[in-house]
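Hi,

Here is the structure I promised to pass on.

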Amino acid sequence: MDLADVVSKPKEELQTPALLVDLPAMEFNLQTMAQFFSGKSARLRPHFKNHRVLELARRQFECGAIGITCARLWQAERLVESGIRSVLIANELAGHDVLRRFAELSRMAPVVLAVDNENVVRDLGRVSRDLRVPLNVVVDVDLGLRRCGVVPGEAAVNLAKRVAEEGLHFRGIMGYEGHLQPQVPGPEKTRTVSNAMTALVDSKSRIEAAGLPVEIVSCGGTGDYSLSGVFPGVTEIQAGSYLLMDTWYQPFAADFRQTLTVLATVISKTPGERIVVDAGVKAISGERGLPSVKNGHGLKVRALHAEHAPIDFIDGGNEVAVGDKIELAVQYHDGTMQLHSNLFGIRGGKVEKVFKIEH
């Protein structure tokens with residue numbers, strides 16, 4: 001079936017497996033986050049990697065976001081080509097060819113890149129001078145995730161100085177306290193997030209004391225946006241998961257509604273024991289746990305195989321028949337989005353919109 005032909009059709013007519021988004025739930029999430037940041041000194045710069053849909057990025061922009069965060073150079077290129085010019089690559093790049101691509105992109109828009117290494121800063125300076133292109137960077141500060149970033153304090157100051165010495169445009173600093181996102185809301189989470197924000201803002205103050213202005217202080221995520229988003233000195237929050245929200249993240253971000261399911265067809269049934277659907281790990285991620293059956297049906301996913309998911313009867317469920325279609329609630333949406341080319345927007349049980357997922 002042609003994609004244009006599925007619009008206005010019942011979702012059950014889609015070929016399976018198919019990735020669905022509940023549009024009213026997604027719109028609720030979009031407005032909830034936009035309302036939080038309305039009137040705040042910090043602004044929202046949502047992450048593109050969570051959905052990888054240009055139209056959804058534009059909707060976030062239209063709802064008050066100051067720009068978009070992304071994880072890869074190719075994602076920044078797609079965003080700029082689509083007309084979104086305010087882009088932060090919240091990740092490191094390395095290698096001559098990649099840095100030249102970043103410089104060429106910077107001719108089109110003032111894209112900002114995170115750095116945490118003096119050699120890369122030196123290479124960026126050389127590329128900037130050779131191509132005569134101003135390059136924008138932020139210093140990445142490790143807030144305890146132990147992934148990328150320099151340690152807070154003097155190391156951040158020293159790298160910021162190197163950025164300026166190389167003739168690059170130093171825009172500020174960023175950090176990602178990703179290890180704190182899945183903490184249960186409460187006093188302990190408030191304390192740990194505050195400590196991380198204090199380290200980031202202290203680095204900002206030290207850099208300013210060294211004579212370099214700090215325009216951007218970027219951090220945060222869906223799991224702590226309400227804490228990091230009001231911390232004095234923070235200018236922008238990189239929350240992304242809130243828009244589509246999966247079942248793994250929702251307990252740590254209860255303000256938002258789960259939106260994603262994979263529609264699957266029952267292709268086998270062993271009465272009293274199990275059914276099997278046509279959606280395995282090639283259609284839905286199991287990296288952070290198994291998906292669940294939407295609305296229960298007395299069914300429990302036992303495993304994800306390449307092209308199958310055996311689902312056990314645990315409380316009734318025998319009424320499900322071969323040929324029926326059921327929905328599996330997505331447990332980890334980052335890992336699931338990359339498995340699909342299209343996202344089907346559902347309202348009132350019908351397909352309203354087909355979104356293209358960028359690859």
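Predicted model: local features only at pLDDT ≥ 70, side-chain atom pairs only at ≥ 80, totals over all residues.

Residues are numbered from 1 along each chain as its sequence is written, and side-chain values use heavy atoms, with hydrogens and water left out.

The protein comes to 10 helices and 17 strands (DSSP runs: H or I of at least four residues for helices, E of at least two for strands, numbered from the N terminus). Of its 359 residues, 53% are buried, meaning under 20% relative accessible area with a 1.4 Å probe, counting protein chains only.

Now helix α2, residues 23-37: its 15 residues reach 22 Å from first C-alpha to last, close to the 21 Å expected (1.5 Å times one less than the number of residues). Its buried residues include L23, M26, L30, M33 and F37. An α-helix has 3.6 residues a turn, so residues three or four places apart point the same way. After α2 comes G39, with a positive phi near 85 degrees.

Finally, S241 sits in the loop between β9 (236-237) and β10 (260-270). Is S241 buried or exposed? S241 is buried, at a relative accessible area of 9%. Leaving out residues up to four places away in sequence, S241 touches N50, T222, Y249 and H333 (contact means heavy atoms within 4.5 Å).

Cheers

Methods:
Buried < 20%, exposed > 50% of the residue type's maximum accessible area, 1.4 Å probe, protein only.
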